[in-house]
Amino acid sequence: KEETFGMTTIEALSCETPVIVNSLTALPEVARVYNNSNVCIIDTADSNCLMNEIKRIVDRKINLSEREKLRQITDEKFSSTIMEQEYLNLYASLI
């Protein structure tokens with residue numbers, strides 16, 4: 001509910017697991033990278049919405065290529081190599 005960057009979210013996605021993220025945190029910025037129905041952004045304070053989203057994901061049959069796409073995007077956008085370079089670029093821009 002209060003996670004700032006979303007390491008748990010990134011770890012789940014790298015394991016090809018759909019996620020639901022809280023719209024009131026920084027996680028929508030991470031989730032928008034995926035732009036698909038396996039990454040849902042909702043107000044988790046709305047328990048009915050949360051319950052419906054969990055049910056939708058559980059009931060939906062997610063094929064292998066969709067799951068692999070989650071891992072592929074995670075590797076492309078959030079690998080340690082990519083994140084290291086992003087931090088170096090940020091630090092260089094501040095100097």
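1. At what angle do helix 4 and helix 5 pack? The angle is about 30°, and the axes lie 6 Å apart. Axes are lines fitted to C-alpha atoms, for helices over the stretch in contact, and angles run from 0 to 180 degrees between N-to-C directions. Helix 4 and helix 5 are therefore roughly parallel to each other. Angles under 35 degrees count as roughly parallel, over 145 as roughly antiparallel, 65 to 115 as roughly perpendicular, and the rest as oblique.

2. Some ground rules. This is a predicted model, in which local features need pLDDT of at least 70 and side-chain atom pairs count only at pLDDT 80 or more, while totals for chains, interfaces and linings use all residues. Residues are numbered from 1 along each chain as its sequence is written, and side-chain values use heavy atoms, with hydrogens and water left out.

3. Now confidence. pLDDT is the predictor's confidence in each residue, from 0 to 100. The chain averages 87. A score of at least 70 is reached by 95% of the residues. Helix 5 (residues 80-94) has the highest confidence, at 92. Helix 2 has the lowest, at a mean of 85. Where pLDDT is low, the predicted coordinates should not be read in detail.

4. Next, the layout. The chain has five helices and two strands. Helices (H or I, at least four residues) and strands (E, at least two) are DSSP runs, numbered from the N terminus. Read along the sequence, the pattern is α-β-α-β-α-α-α. The C-alpha trace spans about 50 × 30 × 20 Å along its principal axes. Take the contacts in the chain with a separation of 6 or more: residues 24 or more positions apart account for 44% of them. Contact means heavy atoms within 4.5 Å.

5. Back to helix 4 and helix 5. Asp75, Glu76, Lys77 and Phe78 of helix 4 make the contact with Ser80, Ile82 and Met83 of helix 5. By class, these residues are three nonpolar, one polar and three charged. Ala, Val, Leu, Ile, Met, Phe, Trp, Tyr, Cys and Pro count as nonpolar; Asp, Glu, Lys and Arg count as charged; the others, Gly among them, count as polar.

6. Helix 4 also meets helix 1. Their axes come within 7 Å and cross at roughly 130°. That makes helix 1 oblique to helix 4. This contact has four nonpolar, two polar and one charged residues. Helix 1 brings Ile10, Leu13 and Ser14. Helix 4 brings Leu70, Arg71, Thr74 and Phe78.

7. What is inside? Of the 95 residues, 27% count as buried. Buried means under 20% relative accessible area, exposed over 50%, and partly exposed in between (1.4 Å probe, protein chains only). The largest nonpolar core has twelve residues: Ile10, Leu13, Val19, Val21, Leu27, Val30, Ala31, Tyr34, Val39, Leu70, Ile73 and Phe78. Helix 1, strand 1, helix 2 (27-31) and helix 4 (64-78) each give two or more residues to this core. A nonpolar core is a set of buried Ala, Val, Leu, Ile, Met, Phe, Trp, Tyr and Cys residues joined through side-chain atoms within 4.5 Å. In soluble globular proteins, nonpolar side chains tend to be buried together.

8. Look at Glu16. This residue is found in the loop between helix 1 (7-14) and strand 1 (19-22). Is Glu16 buried or exposed? Glu16 is buried, because its relative accessible area is 14%. Leaving out residues up to four places away in sequence, Glu16 touches Arg67, Glu68, Leu70 and Arg71. Glu16 has a positive phi of about 65°, although it is not a glycine.

9. Compare Asn35. Its phi is positive too, near 45°, in a residue other than glycine. Asn35 sits in the loop between helix 2 and strand 2 (39-42). Asn35 counts as exposed because its relative accessibility is 69%.

10. Two leucines remain. Leu24 is in the loop between strand 1 and helix 2. Leu24 counts as exposed, at 63% relative accessibility. Leu24 and Lys69 are 45 residues apart in sequence and 26 Å apart in space, C-alpha to C-alpha. Leu50 lies in helix 3 (residues 47-59). Leu50 is partly exposed, at 25% relative accessibility. Beyond its neighbours within four places in sequence, Leu50 is in contact with Ile20, Ile42 and Thr44.
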